[in-house]
Amino acid sequence: MDASQVREMGGLGFQLGLHGHQHVAEASTQFIYLNETQSMGIVSAGSLCAGAKELPRGVNRQYNLIVLDDELCHARVHVREIVDGEQFSGKRNGAFLRGYSELSWRGTTDMAGRLVDVMATNSRRTVIQAEAALHADRPREAIALLRNLELAPGSYERKLAIQAFQLERDWKSVIDTIGTPETTEEVVFLVSAFLNCGLLDKAASALDANANLDAATRNALSEQINVKRMMRAQ
């Protein structure tokens, strides 16, 4: 990859570049100088489907497996290449003597030069997208966005997920997401979800286990449980 391209991509905030059309796997860290020294990982992929006439001499068909760490500042590149018997095996030469190659790069920094928490930033962006989808009456899209986030008690993403599941009438997911209710609002949502699933005993148990509900709400939910029990008995 041309150094000017690396410099341009690094200036735009890219930290890992993947490219092909070389038919040879390679991994390296490129250092560039902008306002300060920055680094960018570059990974070249071999060719998985090229024929013998298209591959360089001595190079087999290959593909890469790239494992990123949670901080998104380090990667381990594994290369698999076809060997005798038409089986893929780990490449162990060149930059991959250990069976893999290590890459690392400097993390994203803010205007003050402080490292940015990439995972937290991505989570915030996902929550904003989910909120927009929910406001646009697209609860299924919101659910797809939120599924990979940790729906911690008291978090805004948890509240959005519960709301989206309710709009989709996915009562089981409402129950699984709430688990042990943290607020009186979640108690109401949990009891209602049990009622919609026909789990009347669990609805009654959830209601009895939470003494902080106001009398009017408790009586209304209790009445719903009793009505469903009478209807079931008929």
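Begin by selecting glutamate 186 and arginine 158 and showing their side chains, which meet in a salt bridge of 2.8 Å from N to O; a salt bridge here is a side-chain nitrogen of Lys or Arg within 4 Å of a carboxyl oxygen of Asp or Glu. Glutamate 186 belongs to helix 6 and arginine 158 to helix 4, so this pair ties together parts that are 28 residues apart in sequence. Helices (H or I, at least four residues) and strands (E, at least two) are DSSP runs, numbered from the N terminus.

What you are viewing is a predicted model, in which local features need pLDDT of at least 70 and side-chain atom pairs count only at pLDDT 80 or more, whereas totals for chains, interfaces and linings use all residues. Residues are numbered from 1 along each chain as its sequence is written, and side-chain values use heavy atoms, with hydrogens and water left out.

Buried means under 20% relative accessible area, exposed means over 50%, and partly exposed lies in between (1.4 Å probe, protein chains only).

**The whole chain**

Now zoom out and colour the protein chain by secondary structure, where you will find eight helices and seven strands. Of its 234 residues, 32% are buried. If you consider the contacts (heavy atoms within 4.5 Å) between residues at least 6 apart in sequence, 45% of them join residues at least 24 apart.

**Helix 4 and its end**

Return to helix 4 and select its buried residues, which are Glu157, Arg158, Leu160, Ala161, Ile162, Ala164 and Phe165. Just after helix 4, select arginine 169, which takes a positive phi of about 60 degrees.

**The cores**

Next, look at the largest nonpolar core, which has 31 residues and in which Val174, Val191 and Ile225 touch the most other members. A nonpolar core is a set of buried Ala, Val, Leu, Ile, Met, Phe, Trp, Tyr and Cys residues joined through side-chain atoms within 4.5 Å. At least two residues of this core come from each of helix 2 (118–135), helix 3 (139–146), helix 4 (156–167), helix 5 (171–178), helix 6 (184–196), helix 7 (200–208) and helix 8 (215–233). Helix 6 gives the largest share, six residues.

Select valine 174 and ask which residues it is in contact with, leaving aside its neighbours within four places in sequence. They are Ile162, Phe165, Gln166, Phe189 and Ala193. Apart from this core lies another, of nine residues, including Ala25, Val77, Val79 and Leu103.

**A stop in helix 2**

Move to threonine 126, which is found in helix 2 and counts as buried at 16% relative accessibility. When its neighbours within four places in sequence are left aside, threonine 126 is in contact with Leu145 and Leu149.

Glutamate 141 forms one with arginine 138, the closest N and O atoms being 2.6 Å apart; glutamate 141 is partly exposed at 36%, and arginine 138 is partly exposed at 38%. Aspartate 201 forms another with arginine 229, the closest N and O atoms being 3.0 Å apart. Aspartate 201 lies in helix 7 and arginine 229 in helix 8, so this pair ties together parts that are 28 residues apart in sequence. Here aspartate 201 counts as exposed at 57% relative accessibility, whereas arginine 229 is partly exposed at 35%.

**Aromatic rings**

Finish with tyrosine 63 and phenylalanine 88, an aromatic pair that is edge-to-face, with 5.3 Å from centre to centre and 65 degrees between the planes. Rings of Phe, Tyr and Trp (its six-membered ring) pair if their centres lie within 6.5 Å, and planes under 30 degrees apart count as stacked, over 60 as edge-to-face and the rest as tilted. Tyrosine 63 lies in strand 4 (residues 62–68) and phenylalanine 88 in strand 6 (residues 87–90), so the pair ties together parts that are 25 residues apart in sequence.
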